[in-house]
Amino acid sequence: IFLSGFFCCGIITVLELIIGVVCNIYLKMNLWNYGGMFLNLFGQICFKYICIWYIISVLFLYLFKKIS
């Protein structure tokens with residue numbers, strides 16, 4: 001479950017980066033800005049939210065495994 005959590009977290013983070021670059025930088029929609037946060041990349045993703053996505057992914061995978 002923990003390794004799968006890294007995979008899921010990676011997918012979510014890459015999607016967040018792509019959507020952030022397109023919407024926030026290219027289209028100038030300014031939906032979010034992590035520019036002032038620790039270990040951010042272009043202000044679109046940051047370490048804090050990568051960790052949060054990992055925890056959510058592991059919890060979701062655990063619950064999904066229990067249900068099925």
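**Aromatic pairs, helix packing and loop residues**

F38 is exposed, at a relative accessible area of 60%; the term exposed is applied over 50%, buried under 20% and partly exposed in between, with a 1.4 Å probe and protein chains only. The model is a predicted one, in which local features require pLDDT of at least 70 and side-chain atom pairs are counted only at pLDDT 80 or more, while totals for chains, interfaces and linings use all residues. Residue numbers start from 1 along each chain as its sequence is written, and side-chain values rest on heavy atoms, with hydrogens and water left out.

A pair of aromatic rings is described by the distance of the centres and the angle of the planes. Rings of Phe, Tyr and Trp (for Trp, the six-membered ring) were taken to pair if their centres lie within 6.5 Å, and planes under 30 degrees apart were classed as stacked, over 60 as edge-to-face and the rest as tilted. The structure contains 4 aromatic pairs. One of them joins F38 and F47 in an edge-to-face arrangement, with 6.3 Å from centre to centre and 90 degrees between the planes. F47 is partly exposed, its relative accessible area being 42%. F60 and F64 form a stacked pair, with centres 6.2 Å apart and 15 degrees between the planes. These two residues, F60 and F64, lie 4 residues apart in helix α2, so about one helical turn separates them. F60 is classed as exposed, at 55% relative accessibility.

Two packed helices are described by the angle between their axes and the distance between the axes. Helices were assigned as DSSP runs (H or I, at least four residues), as were strands (E, at least two), with numbering from the N terminus. Axes are lines fitted to C-alpha atoms, for helices over the stretch in contact, and angles between N-to-C directions run from 0 to 180 degrees. Helix α1 spans residues 2–26 and helix α2 residues 47–67; their axes come within 8 Å and cross at roughly 130 degrees. The angle therefore makes α1 oblique to α2, where under 35 degrees counts as roughly parallel, over 145 as roughly antiparallel, 65 to 115 as roughly perpendicular and the rest as oblique. The crossing of α1 and α2 is right-handed; this term applies if the near helix is turned clockwise from the far one by less than a right angle, and left-handed if anticlockwise.

Contact was defined as heavy atoms within 4.5 Å. On the α1 side, the contact with α2 is made by F2, S4, G5, F6, C8, C9, I12, T13 and E16, and on the α2 side by I50, W53, Y54, S57, V58 and L61. Sorted by class, the contact of α1 with α2 has 10 nonpolar, 4 polar and 1 charged residues; Ala, Val, Leu, Ile, Met, Phe, Trp, Tyr, Cys and Pro count as nonpolar, Asp, Glu, Lys and Arg as charged, and the others, Gly among them, as polar.

Two further helix residues were examined. I11, in helix α1, is partly exposed at a relative accessible area of 39%. I11 and I52 are 41 residues apart in sequence, and their C-alpha atoms are 13 Å apart in space. Y49 belongs to helix α2 and is partly exposed at 27% relative accessibility. The C-alpha atoms of Y49 and F7, 42 residues apart along the chain, are separated by 15 Å. Leaving aside neighbours within four places in sequence, Y49 contacts Y34 and M37.

The loop between α1 and α2 includes W32, which is partly exposed at 23% relative accessibility. Not counting residues up to four places away in sequence, W32 touches E16, I19, G20, N24, G43 and Q44. G43 is found in the loop between α1 and α2 and, at 3% relative accessibility, counts as buried. With residues up to four places away again excluded, G43 touches W32, N33, Y34 and G35. G43 and N33 are 10 residues apart along the chain, and their C-alpha atoms are separated by 5.2 Å.

Most residues other than glycine have a negative phi. K28, in the loop between α1 and α2, is not a glycine but has a positive phi of about 55 degrees. K28 is exposed, with a relative accessible area of 63%. L39, in the loop between α1 and α2, likewise has a positive phi, near 50 degrees. L39 is exposed, at a relative accessible area of 56%.
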